[in-house]
Amino acid sequence: MQTAIILIYIVMFIIAFFLSLSSVRYFITMWKYKNRKKDGSEDKDFKKFD
């Protein structure tokens with residue numbers, strides 16, 4: 001019983017870790033998108049948002 005609870009905690013930690021990692025990557029991408037140059041030279045990198 002004790003090992004099952006520890007296993008559940010480990011699995012939940014791994015899921016939370018990957019979710020927070022993807023959130024940080026999304027935040028960095030959106031920050032780059034928001035601060036891109038206004039002349040349109042970087043728009044090819046962000047086609048999926050247009």
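**Chat about a one-helix chain**

User: Hi! What does the secondary structure of the protein chain come to?
Analyst: Hello! The protein chain has 1 helix and 0 strands. Keep in mind that this is a predicted model.

User: Thanks. And how much of the protein chain is buried?
Analyst: Buried residues account for 2% of the 50 residues in the chain.

User: What about the accessible surface? How much of that belongs to carbon and sulfur atoms?
Analyst: Carbon and sulfur atoms contribute 69% of an accessible surface of about 4,900 Å².

User: Which residues make the nonpolar surface patch?
Analyst: Ile-6, Ile-10, Phe-13, Ile-14, Phe-17, Phe-18 and Leu-21 make a patch of about 710 Å².

User: Where is Phe-18 found?
Analyst: Phe-18 sits in helix H1, which covers residues 2–34.

User: Switching to rings: how many aromatic pairs does the structure hold?
Analyst: There are 2 aromatic pairs. One of them joins Phe-13 and Phe-17, with ring centres 6.4 Å apart and planes at 25°, so this pair counts as stacked.

User: How far apart are Phe-13 and Phe-17 in helix H1?
Analyst: Phe-13 and Phe-17 are 4 residues apart in helix H1, so about one helical turn separates them.

User: Is Phe-13 buried or exposed? And what is the relative accessible area of Phe-17?
Analyst: Phe-13 is exposed, at a relative accessible area of 59%. Phe-17 has 45%, which makes it partly exposed.

User: OK, and what kind of aromatic pair do Phe-17 and Phe-18 form?
Analyst: Phe-17 and Phe-18 form an edge-to-face pair, with 5.9 Å from centre to centre and 70° between the planes.

User: Which residues form the aromatic cluster, then?
Analyst: Phe-13, Phe-17 and Phe-18 form one aromatic cluster.

How values were computed
Residues numbered from 1 in each chain as written. Predicted model: local features only at pLDDT ≥ 70, side-chain atom pairs only at ≥ 80, totals over all residues. Heavy atoms only, no water. Helix = DSSP H or I, 4+ residues; strand = E, 2+ residues; numbered from the N terminus. Buried < 20%, exposed > 50% of the residue type's maximum accessible area, 1.4 Å probe, protein only. Areas by Shrake-Rupley, 256 points an atom, 1.4 Å probe, with all protein chains shown as cover. Patch = residues over 30% accessible without salt bridge, like charges linked within 9 Å, V, L, I, M, F, W, Y side chains within 5 Å. Salt bridge = Lys/Arg side-chain N within 4 Å of Asp/Glu carboxyl O. Phe/Tyr/Trp six-rings, centres within 6.5 Å; stacked < 30°, edge-to-face > 60°.
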